[in-house]
Amino acid sequence: MPTWTCPDCNRTFGAVGRNHMCNPGLTITEFLTDAADFVEPVFRRVHDLLVAHDDANGGDLIVDPLASKVLFKNGPTFCILDVKTKWVAVGFSLRRKLESGRLSRKTADYGDKYFHIVNVAAPDLIDDEFAEWLVEAYHHGAAPKPDASDPMVPDDIDFELG
């Protein structure tokens, strides 16, 4: 996927000429420098999970740290880490509405997607279920396609009529 870097603020986007508010982006190190102690472990857990998934799928993950939040983009923004006083609000978009007691706020619907938020104060709260939600969000809210190299997933079925 082609990316575009704004010549004024040096932020990277998944679409050329993307409309945005020109806020200079930060490096990950700059973002974490003055962050509260609970922020880095949560950030690292989400970041490492998404980078590993992106690497395995040949994607173009963009990590865009700003003053108090980090945007994760694979084309459009699909996950936002928003730093609060005692936790990180991890927001993500899916094409389905989750029903879970883990959600921190009312799910917002917009168009064909739903935006979910979970407040995370420690990285161990991002378990396998949460990781699946983030991977689904990475795929623009749709479940990832099965691995075509998996012999248990037929890619073509021939029927003989007779």
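Modeller: Let us begin with burial, where buried means under 20% relative accessible area, exposed over 50%, and partly exposed in between, with a 1.4 Å probe and protein chains only. Of the 162 residues of this protein, 35% count as buried. This is a predicted model, in which local features need pLDDT of at least 70 and side-chain atom pairs count only at pLDDT 80 or more, while totals for chains, interfaces and linings use all residues. Residues are numbered from 1 along each chain as its sequence is written, and side-chain values use heavy atoms, with hydrogens and water left out.

Biologist: Which elements does the protein have, and in what order do they run?

Modeller: Helices (H or I, at least four residues) and strands (E, at least two) are DSSP runs numbered from the N terminus. Here there are 3 helices and 8 strands, in the order β-β-α-α-β-β-β-β-β-β-α from the N terminus on.

Biologist: Which residues of the largest nonpolar core touch the most other members?

Modeller: In soluble globular proteins, nonpolar side chains tend to be buried together. A nonpolar core is a set of buried Ala, Val, Leu, Ile, Met, Phe, Trp, Tyr and Cys residues joined through side-chain atoms within 4.5 Å. The largest one has 31 residues, of which Leu50, Phe72, Leu81, Phe92, Phe130 and Leu134 touch the most other members. Among the elements that each supply at least two residues are helix 2 (39-56), strand 5 (77-83) and helix 3 (128-138). Helix 3 gives the most, with 7 residues.

Biologist: What is Leu50 in contact with, beyond its neighbours within four places in sequence?

Modeller: Contact means heavy atoms within 4.5 Å. With those neighbours left aside, Leu50 meets Leu61, Phe72, Phe78, Leu134 and Tyr138.

Biologist: Is His47 buried or exposed?

Modeller: His47, which lies in helix 2, has a relative accessible area of 13% and is therefore buried. Not counting residues up to four places away in sequence, His47 touches Ile28, Val63 and Phe72.

Biologist: How do the axes of helix 2 and helix 3 cross?

Modeller: Axes are lines fitted to C-alpha atoms, for helices over the stretch in contact, with angles from 0 to 180 degrees between N-to-C directions. These two axes come within 10 Å and cross at roughly 50°. Helix 2 is therefore oblique to helix 3, since angles under 35 degrees count as roughly parallel, over 145 as roughly antiparallel, 65 to 115 as roughly perpendicular and the rest as oblique. The contact joins Val46, Leu49, Leu50, His53 and Asp54 of helix 2 to Ala131, Leu134, Val135 and Tyr138 of helix 3.
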